[in-house]
Amino acid sequence: MFLDNRQVAMDSALEAMADSIDYFQDNLERLRPSLRDSLKPHYEARAKSMHELQELSRKHLNLLPRDADVERDDYMWLWSRLKSFVGNESQVVIGELLEQERVLMQALSTLFTHPLPEPMEPVIEECWKGCRALIRELYRLQKQRPKR
């Protein structure tokens, strides 16, 4: 079955959301506890929105969820670990989380260029706002110096 452009855009947004959640969960132990506590509510809200969008996508776009790209995840994890040897581990993870947010914002931007079923619009807008709030929080945390 081939996907139309709107389905591809939704699939890309859902994949970017899942990747960002997975990356955060996979790297929790690399973050200082205070950073973990600051970021966790953002990712919990994202998981809730993602599940809601998956249900709406099934119902309105006949779109079934896909599995994550495991090879890409392995590469990202290895690259991030290598960067940690030359920098502060929490700061490396924050930088990677920011990159995940950039990818998600691009996917959401593309999704907004397609006609979407009315019930999906508020959920996607909430995802956009959540992404912006998380980016602001990540930049704020990036400016903080680790306490020793």
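Student: At which residue does H2 bend, and by about how many degrees?
Tutor: This is a predicted model. In it, a proline, Pro41, follows the bend within four residues. The bend in H2 is at Leu39, by about 35 degrees.

Student: How far does helix H2 reach from its first C-alpha to its last?
Tutor: H2 covers residues 33-61, which is 29 residues. At 1.5 Å a residue, 42 Å is expected. The computed reach is close to that: 40 Å.

Student: Which residue just after H2 takes a positive phi?
Tutor: H2 ends at residue 61. Just after the helix, a phi of about 50 degrees turns up. The residue is Asn62.

Student: Which helices are included in what covers the buried residues of H2?
Tutor: The buried residues of H2 include Leu35, Leu39, Tyr43, Met50 and Leu61. Their cover includes three stretches: 5-26, 89-111 and 121-143. By name, these are H1, H4 and H5.

Student: Are H2 and H5 roughly parallel or roughly antiparallel to each other?
Tutor: Two packed helices are described by the angle between their axes and the distance between the axes. Here the axes of H2 and H5 come within 10 Å and cross at roughly 160 degrees. Angles over 145 degrees count as roughly antiparallel. H2 and H5 are therefore roughly antiparallel.

Student: Is Ile94 buried or exposed?
Tutor: Ile94 lies in helix H4. Its relative accessibility is 0%. Buried means under 20%, so Ile94 counts as buried.

Student: Leaving aside its neighbours within four places in sequence, which residues is Ile94 in contact with?
Tutor: Leu35, one of the contacts of Ile94, is also one of the buried residues of H2.

Student: What separates the C-alpha atoms of Ile94 and Leu31?
Tutor: Along the chain, Ile94 and Leu31 are 63 residues apart.

Student: What share of the contacts in the protein chain with a separation of 6 or more comes from residues 24 or more positions apart?
Tutor: The protein chain has 5 helices and 0 strands. Of its 148 residues, 41% count as buried. Residues 24 or more positions apart account for a share of 81%.

Terms used
Residues are numbered from 1 along each chain as its sequence is written. This is a predicted model: local features need pLDDT of at least 70, side-chain atom pairs count only at pLDDT 80 or more; totals for chains, interfaces and linings use all residues. Side-chain values use heavy atoms; hydrogens and water are left out. Helices (H or I, at least four residues) and strands (E, at least two) are DSSP runs, numbered from the N terminus. The expected span of a helix is 1.5 Å times one less than its number of residues. The bend at a residue is the angle between axes fitted to the seven residues ending there and the seven starting there. Buried means under 20% relative accessible area, exposed over 50%, partly exposed in between (1.4 Å probe, protein chains only). Contact means heavy atoms within 4.5 Å. Axes are lines fitted to C-alpha atoms, for helices over the stretch in contact, and angles run from 0 to 180 degrees between N-to-C directions. Angles under 35 degrees count as roughly parallel, over 145 as roughly antiparallel, 65 to 115 as roughly perpendicular and the rest as oblique.
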